[in-house]
Amino acid sequence: MHSLFYVIFHPLKTLNLWLEDDPNASIVDVLYLFTMFSAFGIWLVFDRYQKAVNSAVPFRYPAPEAADPNWHSRVIPNANLRSHLQDPDLLPLQSGGVDDYITCFDPANNLHITSVFADDAPSIEAKIRRAKNAQIKWCETSFAERRRVMRSLLKWLVENQELCARVACRDTGKTLIDAAMGEILTTCSKLEWLINHGERALRTETRYSNLMLSYKKSQVIYEPKGVVSAIVSWNYPLHNAWSPILASIFAGNAIVLKASEHVAWSTEWFVGAIHKCLEDLGYDADIIQTVCCWPDQAEALTKSPLIKHITFIGSEEVGRKVAIAATEHLTPVTLELGGKDPAIILPDTDLDKWISIWMRGIFQNSGQNCIGIERLIVHSEQYEELYNLLTDRAAKLRFGSVLAPTREGYINTVDCGSMISNDKFGALEALIFQAQEEGARVDVGGKELLHTSCEGRSFFQATVVGDVKPNSRIAQVELFAPVALLIRYDDIDEAITIANGTRYGLGASVFGPHQDLCLEVAKELHCGMVSINDFGVFYVSLQDLPFGGTKASGYGRFGGPEGLRALTNPKAIIVDRWPSFVQTKIPKVLDYPIRSLARSWDFVSGLVTLLYADSYRARFNGLLQLSRASRR
């Protein structure tokens, strides 16, 4: 320890090294001090250079007027995506045929936001070509340059998180808290993962060799595919747009993003922020193209020979059509489809401890969550207690719009926002009624909520359905609504059977007092992801994990190294380890034209025995056989 302190503080002794009477003065002290300060100076210069070339670049991007809580617009009666057909005044002043537009509106307040042009096949093809041309130069960028783009976007998103949340709220009717957790937090986590770990996932890898080819070395490189596509859902317009864009451009690709018609306005603005970032950093923003079209025009994207990969997030019905269309050019597809995620609550679980997580898992984003909890599978002994807890808390949930103007200010204290539309309310109410006819219990909710202060007609009551039969219709189809289903079980094997008893297999949760037992149950579930004593954390915060499901929930993965590599072309390359000394040569006994089939067979047979026999004696015999065959 004394020596350590001496080394650290040794330069201090040189303060008096020029004193003639100092017997300890030495040129070594001068050199030591000079070296230390020189090294420190070099480090400062290097650090400043790294910050100059790698640090986030701030940029400005104007806020849309509609994100202002005090913004006013025309209220559209019975608003829908085709409202411009009934009211041509909703169209821009210079517009073509009315069928080529999409009406954008706030579903919580029915306020008209804008009407956007709906892309047709020629415009989609033109955007794909622009992306292809821009990708040629973008794929030459280094990982350091791509990380700088990610850092700049992360800085902007953190600094503008409230604005981004309000934009998402305006276009979907969700609450600020739902936007913060489902849009901002997840996207920041995605950016952080790409910055810290993205290069490692795509870095050239060295692979193992074997004895026969020990003089070779092999590697796998991950090349950009070119132009990829993402067709995404409307429930999280910021994250669903940014997530595939960030992964695609980090992998060196260009991307054509097809946004849902329901969130055309917000998606255009969110993607515009990435465009502005790229332009300010000196890159061609054409590597990102946004398409918004009606479904009958989507095949211009899914059947394009220029698209090299498709990521689809949406319903099973549409996902099947995308997969079929992609076979036109054998385009690989990643499908993230519906889910009917269960939460198994094991016996003796502390219900009071976890009730808040279950409430969030069920009612976040008004139930419009692909990995939301749709089925609570609870032991019979704890069923009544859980049912009472849920109904009590669900009855107290407040619905409304955080952007509806109020005298006190724009932030209304609401727990749940509106749904994206009321198109499926009739079917949802019918399912709940059918469940009641089969013996289910509904004491809270069950129908559309006619809001007293919001003009929108897209609110549905928080609903708890008890005593649901596992095979009933409502327990088998995805609801995507603020509806909790409670299903009883008597033993753990029955709970696992119920959990696995749907066509879906996206995510799941297991809750219980004993983590080892929870883990055993989790391994028996037929799904892509499981949280133990938690909900949805396999995606919300842990971006290093693959995201996706099994069965009718789709195939392929996005997120994590698996998702990033899916956007690349893995290329295997093998070279000589010592090219000047050893290279592959064809033995004479195997060279064409083969002179003796018997000798050739003995040679190959001996080689196989030498390399792969399970005993040393057999391998030695194989060596002798190989030697004899080569000398004949």
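This is a predicted model: local features need pLDDT of at least 70, side-chain atom pairs count only at pLDDT 80 or more; totals for chains, interfaces and linings use all residues.

Reader: Which side chain does Asp 87 meet in a salt bridge?

Author: The partner is Arg 74, with an N to O distance of 2.1 Å. Asp 87 lies in the loop between α3 and β1 and Arg 74 in the loop between α2 and α3, so the pair ties together parts that are 13 residues apart in sequence. Arg 74 counts as partly exposed, at 41% relative accessibility.

Reader: How many salt bridges does the count come to?

Author: The count comes to 25 salt bridges.

Reader: Which residue does Arg 503 meet in a salt bridge, and where do the two lie?

Author: Arg 503 meets Glu 316, at 2.6 Å from N to O. This pair links distant parts of the chain, 187 residues apart: Arg 503 is in the loop between α15 and β15, and Glu 316 is in helix α11. Glu 316 is buried, with a relative accessible area of 13%, while Arg 503 counts as partly exposed at 43%.

Reader: What about Glu 384, with which residue does it form a salt bridge?

Author: Glu 384 forms one with Arg 488, and the closest N and O atoms are 3.5 Å apart. Glu 384 sits in helix α13 and Arg 488 in strand β14, so the pair ties together parts 104 residues apart in sequence. Glu 384 is partly exposed at 37%, and Arg 488 is partly exposed at 31%. Both belong to a network of salt bridges that also links Arg 441, Asp 443 and Asp 467.

Reader: Let us turn to the rings. How many aromatic pairs does a search of the whole structure find?

Author: The search finds 15 aromatic pairs. One of them, Tyr 61 with Trp 269, is tilted, at 5.1 Å centre to centre and 35° between the planes. Tyr 61 lies in the loop between α2 and α3 and Trp 269 in helix α9, so this pair ties together parts 208 residues apart in sequence.

Reader: Are Tyr 61 and Trp 269 buried or exposed?

Author: Both are buried. They also belong to a cluster linked by ring pairs, together with Phe 59, Trp 156, Trp 242 and Phe 270.

Reader: Why is the pair of Tyr 101 and Phe 117 edge-to-face?

Author: The planes of these rings stand at 85°, with the centres 6.0 Å apart, so the pair is edge-to-face; planes over 60 degrees apart fall in that class. Tyr 101 is in strand β1 and Phe 117 in strand β2. Tyr 101 is buried at 9% relative accessibility, whereas Phe 117 is partly exposed at 41%.

Reader: Now for a sheet. What is the strand order in the open sheet of three strands?

Author: The order is β3-β4-β20, with antiparallel pairing. The edge strands are β3 and β20, each pairing on one side only. On average, neighbouring strands are turned by 30° against each other, direction ignored. Strands β4 and β20 pair over nine bridges, and Pro 570 in β20 is the bridge partner of Tyr 222.

Reader: Finally, which residues form a nonpolar patch on the surface?

Author: Met 212, Val 604, Val 608 and Tyr 612 form it, with about 360 Å² of accessible area together. Val 608 lies in helix α19 and is partly exposed, with a relative accessible area of 46%.

Technical notes
Residues are numbered from 1 along each chain as its sequence is written. Side-chain values use heavy atoms; hydrogens and water are left out. Two strands pair if DSSP finds at least two bridges between them. Helices (H or I, at least four residues) and strands (E, at least two) are DSSP runs, numbered from the N terminus. Axes are lines fitted to C-alpha atoms, for helices over the stretch in contact, and angles run from 0 to 180 degrees between N-to-C directions. Patches are made of residues with over 30% relative accessible area and no salt bridge: like charges are joined within 9 Å, nonpolar side chains (Val, Leu, Ile, Met, Phe, Trp, Tyr) within 5 Å. Accessible areas come from the Shrake-Rupley method with a 1.4 Å probe; for residues, only the protein chains shown count as cover. A salt bridge is a side-chain nitrogen of Lys or Arg within 4 Å of a carboxyl oxygen of Asp or Glu. Buried means under 20% relative accessible area, exposed over 50%, partly exposed in between (1.4 Å probe, protein chains only). Rings of Phe, Tyr and Trp (its six-membered ring) pair if their centres lie within 6.5 Å; planes under 30 degrees apart count as stacked, over 60 as edge-to-face and the rest as tilted.
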